[in-house]
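Please look through the side chains of the model shown here.

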Amino acid sequence: MSEITEKMPYPTMFEWVGGEAKIQALVDKFYDLMDLEPQYAHLRSLHRPDLQHSRDTLFWFLCGWTGGPRHYEDRFGHPRLRMRHLHVDIGIRERDDWMACMDQAMQECAFDPVLQVRLHEAFMHTADFMRNQNGH
C-alpha cells in the first residue's frame, strides 16, 4: 500500500496539520511568498493590494475544508468557490502558480511529507475545478 493511500494517522486533516495555529502559519507563509517572490508576481497581481482579506478568508476556509471549525461557512454560508472567483481569469497558469506557491508554503512550514502529498492532491483537485472560461 502506498503512503498516499494509507489510512490517515489522525481523524481529520485539520488535526494532522496541527490545528488553527498551523493553518494560520501556512496561510501567512503562502501570502508572504506571493507578496515577495518574483515567480509569483502574476498570481499576486490577481489579488487586492491589501492581502488581509485574502489571508482571513483562506484561513477560515481551510479550517473547515480540513475538517476543523467551519469559520468560513459561519460567516458567509456555503463557500461556492468557483462562483466567488468568477471575476478572476483562472487558467492553467494561475492554477499552477497557486499550486507552486502552496507547495512551497507547505515545505517551508515543514509539514509532514506524506501530509504534503495528500494536501497537494486535494488542493490540485480544487484548483483545477476553479479554472473558468475566462482563463487561458
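Is Phe 123 buried or exposed? In this predicted model, Phe 123 has a relative accessibility of 4%, so it counts as buried, the cut-off for that class being under 20%.

Aromatic contacts come next. Across the whole structure, a search finds five aromatic pairs. In one of them, the ring centres of Trp 98 and Phe 123 are 5.5 Å apart and the ring planes stand at 70°, so the pair is classed as edge-to-face; planes over 60 degrees apart fall in that class. Because Trp 98 sits in helix H7 (residues 92–108) and Phe 123 in helix H8 (residues 113–129), the pair ties together parts that are 25 residues apart in sequence. Trp 98 and Phe 123 also belong to a cluster linked by ring pairs, which includes Phe 30, Tyr 31, Phe 61 and Trp 65 as well.

The loop between H7 and H8 contains Ala 110. Although Ala 110 is not a glycine, its phi is positive, at about 55°. With a relative accessibility of 63%, Ala 110 counts as exposed.

Charged side chains form the next topic. The count of salt bridges comes to nine. One of them joins Glu 108 to Lys 29, with the closest N and O atoms 3.4 Å apart. Glu 108 counts as partly exposed at 43% relative accessibility, and Lys 29 counts as partly exposed at 26%.

Another salt bridge is formed by the side chains of Asp 35 and Arg 44, at 2.8 Å from N to O.

Asp 97 pairs with Arg 93, and their closest N and O atoms are 3.7 Å apart. Both residues lie in helix H7, four residues apart, which is about one turn of the helix. Asp 97 has a relative accessible area of 16%, so it is buried. Elsewhere, salt bridges with shared partners join Arg 95, Asp 96, Asp 128 and Arg 131 into one network.

Methods. Residues are numbered from 1 along each chain as its sequence is written. This is a predicted model: local features need pLDDT of at least 70, side-chain atom pairs count only at pLDDT 80 or more; totals for chains, interfaces and linings use all residues. Side-chain values use heavy atoms; hydrogens and water are left out. Rings of Phe, Tyr and Trp (its six-membered ring) pair if their centres lie within 6.5 Å; planes under 30 degrees apart count as stacked, over 60 as edge-to-face and the rest as tilted. Helices (H or I, at least four residues) and strands (E, at least two) are DSSP runs, numbered from the N terminus. Buried means under 20% relative accessible area, exposed over 50%, partly exposed in between (1.4 Å probe, protein chains only). A salt bridge is a side-chain nitrogen of Lys or Arg within 4 Å of a carboxyl oxygen of Asp or Glu.
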